[in-house]
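Thanks for making the time this morning.

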Amino acid sequence: VTGFAYTAFIVHRLSHSLFGILVLTTSIITYSNLLDLGIGITVMKMVAERAHSGPSDDVTTIVRNAVAMFTVIGAVVFAIVLSIEPFVGGLFKVSGEDLHLFQVSLAIAALGIGISFPSAIYTAVHQAHGDYRYMSILGICGQALQVGVGMVLLFAGFGILALVALTSTLNVITFIVKVRHSNRKFGVRVRRGKSSWTVARQMFSMSVWIFLMNLATHLIFNT
């Protein structure tokens with residue numbers, strides 16, 4: 001309900017063309033989730049299998065390797081989005097001032113997702129430990145801030161760049177909060193982990209099938 005009302009408010013405050021740019025930006029960034037490669041769910045399973053024994057080097061090693069992978073993927077997402085920026089006008093029939101806004105908003109969103117991409121690994125860690133209450137509270141707080149601050153920005157006369165920057169900033173903050181909470185509650189400290197090709201290979205052997213299922217689901221229901 002909140003999301004529906006907030007969307008209606010955005011449409012009311014922005015022109016239809018600007019709202020379209022905002023939706024396009026969000027949609028393009030959403031497709032980057034496919035580059036998860038199924039690793040998030042794989043980490044959740046691997047951590048859950050070891051969670052009952054408390055903090056362990058195995059869990060830290062799993063998380064360290066997954067975070068390293070997702071850091072690289074985040075950088076790749078950022079590079080890909082920047083590389084397609086010169087062509088988005090022709091691809092989506094956007095021109096003039098709208099094109100400039102589209103390109104800048106896309107760059108801001110790509111930077112945000114590039115930095116916060118490993119956040120999914122810490123979501124998996126919380127889910128593996130069954131800490132759904134904390135994740136729900138974090139999600140509700142994030143949504144409340146998104147709507148509240150977003151409305152203030154729109155009332156103050158700011159546009160889509162401010163909204164995109166807000167979303168990216170909140171994603172990064174949420175990422176940091178999840179990292180700190182994982183450190184305190186579950187003893188997951190990435191700096192103490194070890195890089196392991198064996199662990200990485202185990203992840204990929206499972207994640208590839210999850211990725212294919214996610215891709216098929218996305219193509220069937222979202223295209």
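I will talk about a pair of helices, then a pocket, and then a salt bridge.

Please keep in mind throughout that this is a predicted model. Let me start with helix α6, residues 96-116, and helix α9, residues 160-186, whose axes come within 9 Å and cross at roughly 5°. Because angles under 35 degrees count as roughly parallel, α6 is described as roughly parallel to α9. If you want to find the contact on your screens, look on the α6 side for residues including L101, V104, I108 and I115, and on the α9 side for residues including L161, V164, V172 and F175. The residues of this contact divide into 11 nonpolar and 5 polar, with no charged residue among them.

Now to the largest pocket, which has a volume of about 1,400 Å³. It is lined by 45 residues, and the closest to its centre are T30, N33, I113, T167 and N171. Several helices give two or more residues to this lining, among them α1, α2, α3 and α10, but the helix that gives the most is α9, with 8 residues. By class, the lining has 22 nonpolar and 21 polar residues, together with 2 charged ones.

Finally, the count of salt bridges comes to 2, and one that I can show you joins the side chains of K45 and E49, at 2.4 Å from N to O. Both of these residues lie in helix α3, where K45 and E49 are 4 residues apart, about one turn of the helix.

How values were computed
Residues are numbered from 1 along each chain as its sequence is written. This is a predicted model: local features need pLDDT of at least 70, side-chain atom pairs count only at pLDDT 80 or more; totals for chains, interfaces and linings use all residues. Side-chain values use heavy atoms; hydrogens and water are left out. Axes are lines fitted to C-alpha atoms, for helices over the stretch in contact, and angles run from 0 to 180 degrees between N-to-C directions. Angles under 35 degrees count as roughly parallel, over 145 as roughly antiparallel, 65 to 115 as roughly perpendicular and the rest as oblique. Contact means heavy atoms within 4.5 Å. Ala, Val, Leu, Ile, Met, Phe, Trp, Tyr, Cys and Pro count as nonpolar, Asp, Glu, Lys and Arg as charged, and the others, Gly among them, as polar. On a 1 Å grid over the protein atoms alone, a cavity is a set of points where a 1.4 Å probe fits but cannot get out, and a pocket is an open set with protein on both sides within 12 Å along at least five of seven lines; lining residues have an atom within 4 Å of a point. Grid points are joined across faces, edges and corners, and a volume is the space filled by probe spheres set on the points. A salt bridge is a side-chain nitrogen of Lys or Arg within 4 Å of a carboxyl oxygen of Asp or Glu.
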